[in-house]
Structure formats: structure tokens, C-alpha cells
There are 2 protein chains.
Amino acid sequence: MALRVGVIGGGQLARMMIAPAVELGLELRVLAEEEGMAAGLAATAVGDYRDLDTVRAFAADVDVLTFDHEHVPQEVLRALVAEGIAVHPGPDALQFAQDKLVMRARLAELGVPQPEWAPVRSADDLQRFLDEHDGAAVVKTPRGGYDGKGVRVVRSGAEAQDWLDALEGSDALLAEELVPFVRELAQQVARRPGGEMIPYPVVETVQRDGVCAEVIAPAPAATERLAEVAEDIGRRIAEGLGVTGMLAVELFETDDERILVNELAMRPHNSGHWSQDGAVTGQFEQHLRAVADLPLGDTRPRASWAVMVNILGGPAEGTLGDRFEAAMAAHPDAKIHTYGKAPRPGRKVGHVNVAGDDLDDAVYVARAAAAAFV
Amino acid sequence: MALRVGVIGGGQLARMMIAPAVELGLELRVLAEEEGMAAGLAATAVGDYRDLDTVRAFAADVDVLTFDHEHVPQEVLRALVAEGIAVHPGPDALQFAQDKLVMRARLAELGVPQPEWAPVRSADDLQRFLDEHDGAAVVKTPRGGYDGKGVRVVRSGAEAQDWLDALEGSDALLAEELVPFVRELAQQVARRPGGEMIPYPVVETVQRDGVCAEVIAPAPAATERLAEVAEDIGRRIAEGLGVTGMLAVELFETDDERILVNELAMRPHNSGHWSQDGAVTGQFEQHLRAVADLPLGDTRPRASWAVMVNILGGPAEGTLGDRFEAAMAAHPDAKIHTYGKAPRPGRKVGHVNVAGDDLDDAVYVARAAAAAFV
């Protein structure tokens with residue numbers, strides 16, 4: 001009988017697990033938030049992932065549980081684990097992806113390089129941090145942020161007052177130094193429950209308005225040292241946090257050649273979409289292998305360069321189908337991935353991958369094909 | 001709304017359309033022969049493809065109909081076309097894939113090189129053909145044969161008596177010269193309804209017991225002339241027979257450098273499985289693009305060589321899961337594709353693709369990974 005992998009969450013990350021699951025002969029089952037989601041084809045249940053009974057009923061028919069997102073509450077996860085259900089990544093690892101203060105504290109214990117940071121509970125706390133950091137800081141809500149939400153650059157203690165007012169009990173905001181980075185990178189590592197790890201090459205990510213817009217794999221002009229440092233950081237975090245499945249580590253590269261950890265994700269990640277068409281083993285296949293405790297696949301690039309460009313927003317007029325034809329006709333070497341989502345401004349509705357031996361060509365084709373949809 | 005592609009037949013060819021359909025955002029709907037088939041995930045109906053009402057009801061909810069196999073009767077196909085349903089390939093093309101005598105006659109009209117052949121209706125007919133062809137011939141039932149079934153090498157007019165006895169009315173068997181071939185090749189071409197065509201590189205196929213066992217892409221030591229001749233044959237047949245979707249042409253290469261057409265298939269074909277991991281656009285994606293009348297994708301190889309080895313039979317003991325782990329652990333660069341079929345001796349239950357710059361390495365890895373399953 002086929003191994004059954006249950007995915008909590010029906011978004012595009014779950015959707016993109018369908019293709020490798022079919023080829024590998026794994027039975028993918030998805031608990032979707034509602035009908036008609038991106039991963040609808042594999043949805044076997046619809047319900048609230050915060051409700052233990054819902055998740056428990058879903059988990060009863062799978063061999064391992066994994067995730068499309070990191071929002072399943074700790075109490076739900078811990079109850080499942082206590083009942084003997086295989087959950088990857090497990091709650092002990094996921095807590096670090098769910099709370100940025102907990103993550104920062106743990107990375108400090110591990111000695112992983114990161115921006116200077118502090119918990120802040122008041123405008124005075126924040127002003128003190130600002131005074132010590134050239135008058136600027138990034139303030140983050142520790143929980144629930146994504147794609148630039150819950151992140152704000154501030155220059156006075158009063159600029160986070162609304163978030164401070166909303167804090168409860170001993171909660172705090174996270175203040176981080178505003179890192180003078182020259183570019184952003186991402187390092188992915190896959191890790192099996194037994195500890196076997198395989199890294200991907202470090203990539204360059206380009207963000208626009210807090211959202212990943214483009215990825216180039218491997219990171220251009222990456223020295224051997226930089227690649228080694230990034231890989232080492234990825235391995236130390238995967239091991240130190242007990243991650244199972246795919247880990248993505250977002251990194252800042254500074255003008256003085258330091259690499260600092262920005263954010264973490266414990267699932268397939270936008271920075272790894274290039275691997276679907278650019279690596280021997282794509283990140284969605286690798287995540288399935290890792291969480292199902294199967295041997296990991298080769299992560300070598302298939303070509304000198306791979307470029308991923310997100311399709312944001314979708315067509316202002318005309319149908320997605322019309323845009324599709326234009327993009328396909330003009331760029332037969334572009335690999336178009338769509339998420340089955342209704343387009344609206346700024347929403348990620350798909351991405352384009354292009355692999356090749358000439359970086360400029362690949363960037364041009366990927367951007368042009370993605371632009372055909374906007 | 002997503003374009004809906006209906007596939008008649010729930011076998012592995014339909015199954016392998018699921019992955020590219022998800023990524024392209026096409027809605028795949030499958031009319032399966034029974035529950036639990038290889039393409040079960042996309043099955044929206046179960047029924048008999050020979051029954052017009054069943055197929056008509058299935059076709060009502062799709063934008064285009066295509067096939068996992070070539071067995072849908074002409075009268076069903078023609079009734080659907082008469083009702084305005086888009087069918088690709090259509091009945092005018094499919095008749096040549098359904099009846100080898102009709103195919104031979106049409107290829108003769110087109111002047112495409114093929115083995116000498118004749119219809120035979122009696123042992124005397126067959127003996128005459130044998131006398132004219134060094135005493136040996138290949139006899140085929142014109143309809144319903146596959147994977148070596150319905151094919152027999154004979155050396156006397158009496159050796160096909162059972163098949164001759166079963167003929168009805170004006171039916172005939174097909175007798176072909178026994179071609180002294182040095183190897184077998186296959187040429188694939190994708191063709192859109194409007195006539196746009198894109199060929200794949202010609203490949204070498206290795207058959208064992210009448211079943212495709214291995215494919216090497218492109219065909220080793222293929223001269224430019226051979227590649228051109230094969231491509232030209234593929235294009236002439238695709239155009240001359242009005243094929244839409246993927247066409248595969250099985251070819252003999254003789255010791256005097258002739259290329260002769262052996263068989264045709266108007267669908268994704270075992271000789272093209274390498275393209276899933278070895279070409280920019282795999283044949284399953286290309287078939288969907290062609291039948292949905294979308295611009296065709298780039299067919300360039302992703303690496304110098306791609307090798308496909310079929311997984312036949314499956315495990316004599318132990319579970320497929322155990323074999324999987326062994327194959328994956330030993331060969332992290334092998335791309336394993338499984339069909340979700342119960343293994344039995346000689347049955348194709350999956351295949352392995354390996355792409356790389358060294359042919360010997362790729363052949364070794366693909367064979368070794370496939371052997372782990374047997």
C-alpha cells in the first residue's frame with residue numbers, strides 16, 4: 001500500500017507537492033481550509049487546522065503529517081505527537097518558526113550569526129534599542145507575520161505604539177538592528193528524522209515590497225567561502241532546531257562580508273521554487289522524501305543557472321488563459337507554474353522558472369514570461 | 001476558469017499527465033475503466049469507453065477530449081465530433097493507429113519508407129509473401145495488438161492458421177518483411193490542431209520480449225543525416241495523417257542505413273518517458289499543450305544524455321516500499337516514476353530516468369535503480 005502523506009493546509013505549497021507525490025507513488029492527502037483551494041485536487045478533508053478533533057480525524061488516515069504553513073497551534077501538534085502520530089516538522093522544531101523571539105533566542109544559543117536584537121515591551125524599551133543602533137530598527141510581531149506583514153522599520157519609540165498596545169501579559173515585540181545588507185540570500189537544507197541532511201546551493205533572492213520577487217540559483221558571484229558559510233549556517237540550524245523536511249534560511253549578506261540570519265521557514269519555500277526545474281531533485285519532492293523518511297535526492301543544479309520570477313497579481317483585463325498563450329508562445333523554454341488562484345493585485349498566483357547556461361538570457365526570459373501575465 | 005482536458009483511459013499515460021496539468025493550471029478529468037487505476041487521482045468518471053452514452057456524458061464537462069490509449073471505437077469518436085466536441089487526435093488520424101493495414105496503405109501513399117508488406121487472407125497468401133521474402137515474415141493482427149501481442153514471426157504459411165481462421169468477412173492479416181535491423185529508434189513529434197509541429201530528438205529504444213526496456217536520448221552515434229531523416233519521417237507522418245497531440249514513430253535502422261517505419265502511436269509513448277526529466281518540456285506536458293491548442297514547449301535536452309529504464313514485474317518478495325528505499329538510497333540522482341499498479345511478472349509498474357553528461361554513468365545508474373525493484 002502506498003505511503004500516505006497528510007498535508008495540513010491547501011495552499012500552493014501543498015499543491016506543488018502533488019506532482020512529485022504522483023510520480024513517487026505516495027498518496028497525498030490534504031486538509032484544506034476551504035473548498036476550491038490551490039491544492040484542491042488532493043484535498044480529502046476541509047476544516048479548521050486549529051481544531052484538534054478536525055486534525056486528529058484527518059491524521060487517522062495518514063502515515064505522516066506535514067504542513068503547507070507553520071500556523072498549526074502547538075497544543076494541537078503536541079496532542080497529536082502524544083498520540084503517536086508522526087509529525088514532521090514536529091512541534092519542538094516548529095516553535096522556532098512560529099515565534100521569532102523564541103527563534104532569536106535559540107539561534108543565539110547556537111552561536112549562529114544574526115542581527116542584534118532585543119525583546120521590547122514598551123516605547124521606552126524600543127527607544128533604548130534605537131539609541132543603541134543608530135536610531136533605526138526593524139520591529140516585528142513575533143507571531144503570524146509573513147510576506148512583509150508584521151514587519152515595520154521604525155525610527156522612534158512611538159512608531160510601534162499600536163503593536164505595543166496590543167501586547168498581552170508577558171508578550172513582547174522583536175526589535176532588530178537595521179542590517180546594512182548588500183543583498184539577500186537563502187539557504188535550504190533537507191533533513192530526515194534520523195538526521196541525514198542535504199543542502200541546496202545558496203541562492204540570491206530579490207524582494208519587492210517585502211515579497212520575494214526573483215531568485216537566482218546559485219547566488220551569482222558567490223565565493224566558495226560564502227557558499228560554505230551559508231551551508232554551514234543551514235546545517236547548524238536544521239540540526240540545532242531539530243528540523244525535519246525542508247528548512248529555508250533567509251540571510252542578509254552585509255557590505256563587510258558577514259552573513260546574518262533574517263528569517264526561517266520549515267517547509268518548501270518561495271526561495272526554492274527554482275529547484276522544480278533547475279535541480280535534479282526539486283524541493284517539493286525533497287520535502288516529501290524527508291518527511292516520509294525516504295532517502296534524500298540529489299540537489300545538484302541541472303544547468304549553470306536557474307531563475308525564478310513570481311507572477312504577482314494576475315491580469316488586469318482579459319483571462320489568465322489569454323496571458324498564458326502569450327507567455328508560452330513567446331517563451332517556449334519558460335516553465336510556468338500556476339496556483340489555481342483567483343488573481344488580485346499583489347497576490348502570488350504562480351511563478352516562472354528558466355534554467356540555462358547564460359544567466360542574462362535566463363533572467364530575461366523568466367522576467368518576460370512572468371510579465372506577460374500582469 | 002481553467003481549461004478542462006478530458007482523458008479517456010485511466011492508465012499510466014493519463015497518470016503522468018496529472019503532474020504537468022497541475023503545474024500548467026489545466027483541469028484534468030479522466031474517464032477510467034474501473035476504480036483504483038493508475039490515474040485514479042484525476043478520475044472523475046468510471047465507465048466503458050466503447051459506450052457512446054458513457055463517453056458523451058464524460059465529454060459534456062470538458063473542453064477537449066484526448067486519450068490514454070487508441071482503443072475508442074471510430075463510431076464513438078465520429079459521433080462526438082459530429083456533436084461539436086473537440087477530440088485530439090481525431091478519428092481521421094486515429095484510424096491509422098487503430099488498424100495497421102490502413103496505416104501501411106496510407107504511409108505508402110505518403111511515400112514514407114517502410115518494410116515491404118501485404119494483406120494476407122489465407123495460408124496461400126502468406127506462403128506467397130514468404131516465398132518472395134527469403135522465407136520469413138512478421139505477421140500481425142491489424143487491430144488491438146500492443147507490447148508484442150498480436151505479432152508473430154513465421155516461416156511457413158501454416159504458422160498463422162489460428163489467426164487466419166479467426167478472420168471475418170474481408171478482414172486480412174498484415175504480413176511484413178522481417179527487417180534486418182541493427183537497432184530500433186523512435187521519433188516523436190508534437191502537433192497542434194493548426195499544424196504547428198515540434199520534433200523531439202530521435203532516440204534509441206531497446207526492446208526485450210517485444211516490450212520496451214530501455215531508451216537512450218538522443219540515439220547514440222546518430223549522424224546529422226540520420227537525425228534529419230528521422231525528423232522528416234516524423235513530420236511527414238504527423239502532417240500526412242493529421243495527428244494532433246503527441247505522435248511516436250517506431251523505426252528500424254537497417255545495416256544499409258535505411259530508416260523504416262515499424263509502428264505508430266498517437267499519444268505519449270514509452271519511448272518518450274525520458275523527456276520528463278531529460279527535456280525542457282516533457283512529452284506529457286507537450287501532449288496537453290498540443291491537444292489544448294496551447295503553444296508548444298521547447299524540446300531541447302536538459303543534459304547531454306538521458307536514459308530511461310522500465311521497471312517490470314515488481315518485487316518478487318518484500319514490499320515496493322522497501323525496494324524504493326534501496327533504489328533511492330543507492331541512486332540519489334535517479335528519477336523514479338511509479339504507476340500505482342500492483343506488480344506482476346512482466347507488467348510495467350514504473351520507470352527510472354537519469355540525465356547526465358556521461359552516457360555510461362547514466363545507463364549504469366538507471367539500470368541499477370530499476371533493478372532494485374525487481
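A: Let's start at the hairpin of β13(B) and β14(B), where four residues sit between the strands and B:Glu257 takes a positive phi near 65 degrees. Before going on, note that this is a predicted model, where local features need pLDDT of at least 70, side-chain atom pairs count only at pLDDT 80 or more, and totals for chains, interfaces and linings use all residues. Residues are numbered from 1 along each chain as its sequence is written, while chains are lettered from A and ligands numbered from 1 in the order in which they are written.

B:Glu257 belongs to the loop between β13 and β14 of chain B; strands here are DSSP runs of E with at least two residues, helices are runs of H or I with at least four, and both are numbered from the N terminus. B:Glu257 is exposed, with 11 other C-beta atoms within 10 Å.

β13(B) covers residues 245-254, and eight of its ten residues are buried, so the strand is largely enclosed by the rest of the structure. β13(B) runs antiparallel to β14(B) (residues 259-265), and six bridges join them; two strands count as paired if DSSP finds at least two bridges between them. One spot to look at is B:Leu251, which stands opposite B:Val261 in β14(B). β13(B) also pairs with β9(B), residues 181-191, in the antiparallel sense over ten bridges. There, B:Val189 faces B:Leu247 of β13(B).

Elsewhere in chain B, four strands make an open antiparallel sheet in the order β5-β8-β6-β7. β5 (117-120) and β7 (151-154) are at its edges with a single partner strand each, so one side of each has no neighbour in the sheet. Neighbouring strands of this sheet are turned by 30 degrees against each other on average, direction ignored. Axes are lines fitted to C-alpha atoms, for helices over the stretch in contact, and angles run from 0 to 180 degrees between N-to-C directions. β6(B), residues 137-140, and β7(B) share four bridges in the antiparallel sense, and B:Ala137 stands opposite B:Val154. Helix α5(B), residues 100-110, packs on the sheet by touching β5, β6 and β8 (173-177), and its direction makes about 50 degrees with that of β8(B). Helix α6(B), residues 123-132, lies across β5, β6, β7 and β8 of chain B and runs at about 160 degrees to β5(B). Contact, throughout, asks for C-beta atoms, placed from the backbone, that lie within 7 Å.

Chain B has a parallel open sheet too, with four strands in the order β3-β2-β1-β4. Its edge strands are β3 (43-46) and β4 (64-67), each pairing on one side only. β1(B), residues 4-8, and β2(B), residues 27-32, pair over five bridges, and B:Val7 has B:Val30 as its bridge partner.

Finally, the other copy. Chain B can be laid on chain A by a turn of 180 degrees and a shift of 0.0 Å along the axis, with an RMSD of 0.0 Å, and that is the relation of a two-fold axis. The superposition is by least squares on the C-alpha atoms of residues with pLDDT of at least 70 in both copies. In chain B, the C-alpha nearest the axis is that of B:Ala19, 2.1 Å from it. The contact takes 29 residues from chain B and 29 residues from chain A. On the side of chain B that touches chain A, α1(B) gives the most, with six residues.

Methods:
Two residues are in contact if their C-beta atoms, placed from the backbone, lie within 7 Å. A residue is buried if 20 or more other C-beta atoms lie within 10 Å of its own, exposed if 12 or fewer, and partly exposed in between; C-beta atoms are placed from the backbone.
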